[in-house]
Amino acid sequence: MMKSAISVLFVSSALALTGAPALAQDAAAPAATQPAAPVAGEQAAPAGDAQTAPAANAQTAPAQAAQAPAGPMTPEQVEAQNKAIADFTAAQQAQAAGNHAEVIAKLEPALPVIRDLVARNPSDVQNAGFLASALTITANSQGALGNIDAIAPLYSEAAPQWMKVYESDKTNAGVQGTLVSILVNLGNFSLNKQDKMGAQPHFEQALAIAKEGRATDPSSADLANAEFSSLIGLNQATGEASYLEAARPLGTELREKGIVSAANKPAVDAILGAA
């Protein structure tokens with residue numbers, strides 16, 4: 001069997017990050033939203049005998065009962081939030097410039113503050129997207145610096161937050177692609193640790209989301225590659241030949257359309273033969 005490939009999910013057109021909340025004006029002022037800020041990068045895909053795509057331990061966000069937000073923030077909390085937002089913006093600029101050490105220096109101190117924002121109002125999708133984006137940017141920069149072991153915990157924390165954002169708007173192709181890619185990456189991390197039971201739910205989630213997206217947008221090369229990756233990952237995680245058989249015609253479609261991702265090419269060649 002070919003070894004599953006883990007590639008860092010550098011942000012691409014399939015990975016649209018959500019914006020940070022607007023700066024809080026005072027302790028009682030609610031945060032406003034900003035437009036999503038996409039970041040450029042590269043997406044991961046699988047390689048393997050029963051090829052898998054990038055994934056790991058991503059959990060679905062549990063259904064949350066509507067909760068009343070916490071009371072007004074103290075001036076100290078407002079100041080910390082505003083600094084976290086400014087640091088997030090600076091981190092995005094640093095990532096765009098390829099300064100990954102600066103990304104981590106800006107975001108690691110900001111993450112506890114952003115986590116607190118989410119904890120204060122778990123049903124707030126904007127804050128969930130803020131945390132998901134900050135975690136994903138941090139993970140990608142850790143990967144760019146070669147700190148591969150730092151990626152999975154960050155992706156694992158980001159996945160349920162991305163799920164909240166996805167569930168709130170399933171038509172957002174950027175969020176959909178981001179979530180699928182993270183789930184596939186998480187699955188691959190688990191496979192590389194020989195944790196097949198841990199990998200399976202990530203690939204199952206990724207497959208369901210990719211299929212749902214392709215039903216709406218059948219021309220999406222990103223989603224087609226994600227579906228293929230998920231099927232290969234499920235074959236590796238479960239040993240079920242049916243997943244490999246389902247991947248075969250999809251691999252043929254990817255090859256015929258000339259849209260096989262670089263990460264999926266070894267898997268497509270393995271099951272179809274070299275082109």
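**Exercise 1.** In which helix do aspartate 269 and lysine 265 lie, and how many residues apart are they?

*Solution.* The model is a predicted one.
Step 1: Locate the pair. Aspartate 269 and lysine 265 are both found in helix α9, which covers residues 265-272.
Step 2: Compare the positions. They are four residues apart, about one turn of the helix.
Step 3: Check the distance. A salt bridge needs a side-chain nitrogen of Lys or Arg within 4 Å of a carboxyl oxygen of Asp or Glu. For lysine 265 and aspartate 269 the closest N and O atoms are 2.7 Å apart, and the two form a salt bridge.
Step 4: Classify the lysine. Lysine 265 has 46%, so it is partly exposed.

**Exercise 2.** Find which parts of the chain are linked by the salt bridge between lysine 170 and glutamate 212.

*Solution.* 
Step 1: Confirm the bridge. The side chains of lysine 170 and glutamate 212 meet at 3.5 Å, N to O.
Step 2: Place each residue. Lysine 170 sits in the loop between α4 (151-168) and α5 (173-192), while glutamate 212 belongs to helix α6 (residues 196-216). The partners are 42 residues apart, and the pair links distant parts of the chain.
Step 3: Classify both. Lysine 170 has 36% relative accessibility and therefore counts as partly exposed. Glutamate 212, with a relative accessible area of 36%, is partly exposed as well.

**Exercise 3.** Are arginine 214 and glutamate 227 buried or exposed, and why does their salt bridge tie together separate parts of the sequence?

*Solution.* 
Step 1: Arginine 214 and glutamate 227 form a salt bridge, with 3.0 Å between the closest N and O atoms.
Step 2: The pair ties together parts 13 residues apart in sequence, because arginine 214 lies in helix α6 and glutamate 227 in helix α7 (residues 221-238).
Step 3: Both arginine 214 and glutamate 227 are buried.

**Exercise 4.** Describe how α4 and α5 pack.

*Solution.* 
Step 1: The two axes come within 9 Å and cross at roughly 145 degrees. The crossing of α4 past α5 is left-handed.
Step 2: List contacts. Residues of α4 that meet α5 include Tyr155, Trp162 and Met163, and among their counterparts in α5 are Leu179, Ile182 and Phe189.

Methods
Residues are numbered from 1 along each chain as its sequence is written. This is a predicted model: local features need pLDDT of at least 70, side-chain atom pairs count only at pLDDT 80 or more; totals for chains, interfaces and linings use all residues. Side-chain values use heavy atoms; hydrogens and water are left out. Helices (H or I, at least four residues) and strands (E, at least two) are DSSP runs, numbered from the N terminus. Buried means under 20% relative accessible area, exposed over 50%, partly exposed in between (1.4 Å probe, protein chains only). Axes are lines fitted to C-alpha atoms, for helices over the stretch in contact, and angles run from 0 to 180 degrees between N-to-C directions. A crossing is left-handed if the near helix is turned anticlockwise from the far one by less than a right angle, and right-handed if clockwise. Contact means heavy atoms within 4.5 Å.
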